[in-house]
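Reader: Could you walk me through this model, one question at a time?

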Amino acid sequence: MKILLVGNPNVGKSAFFSRLTGVRVIASNYPGTTVGFTKGYLKLGDEAAEIIDVPGTYTLEPTCKAEEVACEMLPEGDLVINVLDATNLERNLFLTLQLMEKGIPMIVALNIWDDTKHRGIHIDAEKLEELLEVPVIPTVAVSGEGMKEAVAHISQAKIPSVPARTHSEIWAEVGRIVEQVQTVTHRHHTWRERLGDASIQPLTGIPIAAAILLASFTIIRLIGEGLIGYVSEPLVEKLWQPLMMDLSGAMGGSGFWHDVVVGELIDGELDMVESFGMLTTGLFIPFGAVLPYVIAFYLVLGFLEDLGYLPRMAVLIDNLLHRMGIHGYSIIPTLLGMGCNVPGILATRILESRRERFIVATLISIAVPCAALQAMVIGLVGDEGIQYVSIVYATLIVVWIVLGLILNRIVKGFTPELLIEIPPYHLPPVRIMASKLWMRTIGFLREAIPVLLAGIFVITVLYALNVFEHIADFAAPVVSGLFGLPEAATDALIIGFLRKDMAIGMLGGLDLTAHQLVVGSVVLAMFFPCIASFVVLGRELGLKGLLGSIIVMLVATVVVGSLLNLIMQAA
Amino acid sequence: MTEKRRITAAQMKAGQSGWVVEVGKGRGMRRVEAMGLRSGKRITKVSGMFGRGPVTIQIEGTQLALGFGMAQKIIVEVT
């Protein structure tokens with residue numbers, strides 16, 4: 001048996017799904033978190049029912065990609081659990097009445113039931129059940145309240161018998177139902193609502209946004225550096241380093257396989273950053289240096305997501321983004337991309353038009369540095385002074401904006417206007433935040449570790465075959481002539497395709513000036529994304545889109561690298 | 001007795017309320033209606049971004065942010 005969870009966006013379907021199946025999914029307090037669909041199983045008596053979390057939709061006439069997925073899936077269901085936001089009964093019932101025409105057995109879950117009390121809303125669930133003629137169960141998926149009752153009522157699902165109606169007939173019917181089952185008492189604005197309104201008005205909203213961003217970066221750095229300084233570095237120094245030295249001794253201290261496995265000895269010691277062995281640099285960079293920042297980043301982002309802040313930010317920044325051919329909602333994939341480009345590019349699915357998705361995905365892969373890259377840039381350039389790190393960031397922001405303005409002119413198609421629901425603020429439950437952080441961290445490790453280990457292996461072999469020399473000869477004029485970097489940096493930039501972290505380590509070994517480090521970091525950040533995001537980019541945009549994106553990337557990198565070099569020399 | 005005027009949601013001031021008398025046609029406007037912004041509803045404008053930016057509107061328990069062009073197609077009766 002296939003059971004579909006259907007409802008408006010942001011009514012808690014994903015939390016509901018998690019409760020039914022025990023499958024952990026990422027749920028956030030903004031519409032459109034679930035774009036593809038997620039499957040899980042629920043034991044019903046002797047049978048295992050398949051539960052499908054369908055992307056949220058307002059109507060059964062699709063108006064965006066996520067809604068298309070929802071409508072295509074509907075005929076496959078044997079039963080529908082229609083999840084409603086009880087605090088928005090009227091709007092939610094429109095979909096319910098449309099669903100009732102489909103001839104599929106259904107039950108109705110009045111989710112977010114706990115919030116109705118705070119909001120002065122009283123709903124007569126029994127009366128609603130009588131009017132709809134299908135089981136109606138109040139639930140609070142986040143806390144689990146009412147979930148047992150919901151499961152118990154699945155067997156009592158009924159096929160509603162209603163004639164096909166027009167939109168206005170459905171709205172009229174919705175109006176009649178709401179009038180009979182719902183009473184709303186007046187109450188005062190809560191502080192959350194006041195804060196919500198303040199953060200969406202230009203005069204108060206922009207300072208609030210600036211303060212939130214500043215606080216976010218400060219907290220991310222504090223947590224990231226704390227984890228590195230107090231956890232990963234001591235662990236490596238006390239435990240891993242001695243073990244690796246023993247292994248190095250056992251392998252004879254040098255030779256091809258020695259260098260592949262533990263890396264080259266530097267002054268008789270193994271260096272976790274510069275030795276480049278699979279078990280030293282290959283493990284330390286992702287686990288020791290990058291993972292702490294990834295954890296810190298996703299923790300803060302997860303909090304902002306569940307709080308419900310991101311859609312407000314989308315409204316504030318919509319004006320600027322529209323000039324770049326995308327709309328405010330694009331800020332969500334872009335922010336996600338600052339953790340790891342892969343989930344960022346995947347999240348472009350929440351955008352409606354192909355054109356927008358191309359522009360946002362291309363901008364992410366070129367101008368949005370992932371946590372790994374940022375950690376490396378800070379490590380490499382930070383020694384020269386914070387002002388140089390700022391130049392790298394400022395350049396990338398300018399590139400992001402200017403490239404967006406240009407892409408808006410050259411990419412065909414149109415960009416629809418912003419239209420989103422602004423969710424109320426919620427203080428996120430710790431359990432949900434922890435679960436989300438865990439899933440994202442595991443996801444990052446799954447993506448990053450194989451790529452890093454494969455990369456270091458391939459590079460070592462290619463090095464032995466002298467492949468890099470030929471490419472380096474070809475690219476050297478650009479690197480030294482236009483970017484003002486020594487020819488030896490060419491290797492580093494090319495290796496950057498497979499391993500950005502290693503490339504930055506190599507640049508660090510070249511005794512570059514501060515100016516050269518800045519140019520090198522920017523070029524490396526803009527130049528090819530790592531293999532994992534490259535593959536996802538191709539999958540999301542198709543071959544044509546991928547080629548277009550690569551051309552933009554190459555041109556932008558050469559132009560920006562040269563310009564930055566000229567400016568830095570003149571300054 | 002105050003006089004009733006018809007203006008667009010884009011012309012409303014932040015904090016001003018009114019009754020929706022017409023939701024125009026066009027791209028995305030069906031979705032606007034499906035999201036609950038329909039003729040006969042009482043709405044309050046929460047904010048409008050400067051420079052023809054998005055307009056945020058409160059309808060009962062829901063807040064919607066919509067593009068300036070869409071807000072211009074929503075006719076509201078205010079007093």
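Predicted model: local features only at pLDDT ≥ 70, side-chain atom pairs only at ≥ 80, totals over all residues.

Reader: Thanks! Which residue stands opposite Lys43(A) in strand 3 of chain A?

Author: Residues are numbered from 1 along each chain as its sequence is written, while chains are lettered from A and ligands numbered from 1 in the order in which they are written. Strands (E, at least two residues) and helices (H or I, at least four) are DSSP runs numbered from the N terminus, and two strands pair if DSSP finds at least two bridges between them. In strand 3 of chain A, the residue opposite Lys43(A) is Ala48(A).

Reader: How many bridges pair strand 2 of chain A with strand 3 of chain A?

Author: Lys39(A) has Ile52(A) as its bridge partner in strand 3 of chain A. Two residues lie between the strands of this hairpin, where Gly45(A) takes a positive phi near 65°. The two strands pair in the antiparallel sense, and the number of bridges is seven.

Reader: What is the strand order of the open sheet of six strands in chain A?

Author: The edge strands are strand 2 (38-44) and strand 7 (136-138) of chain A, each pairing on one side only. Pairing in this open sheet is mixed, and the order is 2-3-1-4-5-7.

Reader: At about what angle does helix 5 of chain A run to strand 7 of chain A?

Author: Axes here are lines fitted to C-alpha atoms, for helices over the stretch in contact, and angles run from 0 to 180 degrees between N-to-C directions. Helix 5 (residues 125-132) lies across strand 5 (106-111) and strand 7 of chain A, and its angle to strand 7 is about 155°.

Reader: How far apart are the centres of domain 1 of chain A and domain 2 of chain A?

Author: Chain A is divided into domain 1 (2-184) and domain 2 (202-570), with bounds from an automatic or database domain assignment. Taken over C-alpha atoms, the separation of their centres is 40 Å.

Reader: On which residue is the kink in helix 23 of chain A centred?

Author: Helix 23 (residues 531-570) spans only 35 Å between its end C-alpha atoms, whereas a straight helix of 40 residues would span 58 Å, taking 1.5 Å times one less than the number of residues. The bend at a residue is the angle between axes fitted to the seven residues ending there and the seven starting there. In helix 23 of chain A the kink is about 120°, centred on Gly542(A).

Reader: Which element gives the largest share of the side of chain B that touches chain A?

Author: Residues are in contact if their C-beta atoms, placed from the backbone, lie within 7 Å, and the contact takes 28 residues from chain B and 25 residues from chain A. Elements giving two or more residues to the chain B side include helix 1 (29-34) and strand 3 (42-48) of chain B. The largest share, five residues, comes from strand 5 of chain B.

Methods. Contact = placed C-beta atoms within 7 Å.
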